[in-house]
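Subject: Structure for your review

Dear colleague,

Please find below the structure that I am handing over to you. I would be grateful if you could read the notes after it with the structure open.

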2 protein chains.
Amino acid sequence: MTDQKLRTILQEHGLKATYQRMAVLEYLVTHKTHPTAEMIHEDLSNISLATVYNTLDKLIETGLIIAIDIHDDGKRHFDYYGEPHYHVINQQTSEIIDADNFDMAPLFEAARKASGLTITGYHIEVYGVKSENP
Amino acid sequence: MTDQKLRTILQEHGLKATYQRMAVLEYLVTHKTHPTAEMIHEDLSNISLATVYNTLDKLIETGLIIAIDIHDDGKRHFDYYGEPHYHVINQQTSEIIDADNFDMAPLFEAARKASGLTITGYHIEVYGVKSENP
DNA sequence: CCCCCTTATTAGAACTATTCTAATATATAT
DNA sequence: ATATATATTAGAATAGTTCTAATAAGGGGG
């Protein structure tokens with residue numbers, strides 16, 4: 001993804017297009033690894049950890065990325081959220097698999113009915129284990 | 001819920017029926033407040049915080065309760081999971097609303113297809129805000 | 001019914017992911 | 001180009017959770 005594209009995305013979401021934000025956003029766009037803040041900081045070694053956290057907070061506020069809490073490791077993982085999707089988590093390995101083969105609209109309608117709220121988003125994690133008989 | 005019932009539930013899930021576990025489980029069964037470990041510890045004042053955490057871990061392992069991470073407050077919240085349900089979270093107030101008016105079986109099937117795993121459970125949080133025009 | 005042994009509880013220390021501070025630097029509108 | 005509000009940073013601080021190791025208690029076997 002070009003710098004100009006990253007700059008535009010950030011500005012369209014009301015964020016100043018700093019070098020650090022462009023780098024963190026590009027990292028999340030191009031890595032499917034659901035990294036932690038520490039992992040991003042290690043790879044982008046010229047950006048401070050505080051800035052990684054600050055930037056992740058801003059990107060979450062805009063909805064560009066989401067956070068996933070894996071209870072196994074106690075760390076927050078982050079995921080670019082360009083297209084809505086959900087996560088399937090292997091309980092034996094903590095591997096996170098992206099999936100988008102399900103229409104969430106009926107769930108939104110059910111949630112609206114149950115709560116009276118205007119639905120703005122969702123986080124779905126489905127847990128599984130390796131099949132006994134593949 | 002009677003002590004005998006609590007004892008039976010714990011033993012059926014392979015856990016020793018200690019006073020502390022019965023108290024924590026009963027607390028979660030009877031409180032719809034999605035409490036944190038600290039809140040449980042404050043209310044059950046004769047049970048140590050370490051035991052509250054240990055017990056919550058054990059109850060999660062058995063599937064009797066689940067954890068919900070609210071990113072707003074950085075604390076883990078816990079919820080008795082006697083019947084499958086999902087959560088609608090008011091982003092303005094962090095209020096957690098239980099809802100069960102949606103059949104998750106099709107999502108399980110989609111997740112199985114996407115991952116090849118045998119699905120064992122799910123955590124769903126739907127986010128919303130107060131409607132503009134109620 | 002009472003041991004025995006495994007498992008649970010506890011207080012407090014330790015850990016660590018995340019947030020805060022306050023000084024410096026940078027983006028962007030004018 | 002300048003001003004100004006906003007962003008970055010290193011390091012300290014915070015706080016939720018986990019660990020330690022000593023004590024207590026559940027419950028199966030006799």
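Predicted model: local features only at pLDDT ≥ 70, side-chain atom pairs only at ≥ 80, totals over all residues.

Fold of chain A

Chain A contains five helices and five strands. Read from the N terminus, its elements follow the order α-α-α-α-β-β-β-β-α-β. Along the principal axes, the C-alpha atoms of chain A occupy a box of roughly 45 × 40 × 25 Å.

Domains of chain A

The domain assignment divides chain A into domain 1, residues 1-82, and domain 2, residues 84-134. Eleven residues of domain 1 of chain A and eleven residues of domain 2 of chain A take part in the contact between them. The C-alpha centres of these two domains are 22 Å apart.

Between domain 1 and domain 2 of chain A, about 940 Å² of area is buried, and carbon and sulfur atoms account for 56% of it. On the side of domain 1 of chain A that touches domain 2, the elements giving two or more residues are β1 (65-70) and β2 (75-80). The largest share of that side comes from β1(A), with four residues. By residue class, this side of domain 1 of chain A comprises six nonpolar, three polar and two charged residues.

A hairpin in chain B

In chain B, strand β3 (residues 86-90) runs antiparallel to strand β4 (residues 96-99), and four bridges join them. Within this pairing, H87(B) is placed opposite D98(B) of β4(B). Five residues lie between the strands of the hairpin, and S94(B) adopts a positive phi near 65 degrees there.

Contact between chain A and chain B

How many residues does the contact take from chain B and from chain A? Each chain contributes 38 residues. The area buried between chain B and chain A is about 3100 Å², with 63% given by carbon and sulfur atoms.

The count of salt bridges between chain B and chain A is zero. Polar contacts between chain B and chain A number 18 residue pairs, again with both residues at pLDDT 80 or more. On the side of chain B that touches chain A, at least two residues each are supplied by β1 (65-70), β3, β4, α5 (105-115) and β5 (117-130) of chain B. Which of these elements gives the most to that side of chain B? It is β5(B), with 14 residues. The residues on this side of chain B divide into 20 nonpolar, twelve polar and six charged.

The strand β5 also pairs across the two chains: β5 (residues 117-130) of chain A and β5(B) are antiparallel and share 13 bridges. One position in this pairing is Y122(A), which stands opposite V126(B) in β5(B). As a general point, side chains in a regular strand alternate between the two faces of the sheet.

With kind regards

Conventions
Residues numbered from 1 in each chain as written. Chains lettered and ligands numbered in written order. Heavy atoms only, no water. Domains from an automatic or database assignment. Contact = heavy atoms within 4.5 Å. Buried area = accessible area lost by both parts, 1.4 Å probe. Nonpolar A, V, L, I, M, F, W, Y, C, P; charged D, E, K, R; others polar. Pairing = 2+ DSSP bridges. Salt bridge = Lys/Arg side-chain N within 4 Å of Asp/Glu carboxyl O. Polar contact = N/O pair within 3.5 Å; in protein donor to acceptor, adjacent residues only side chain to side chain.
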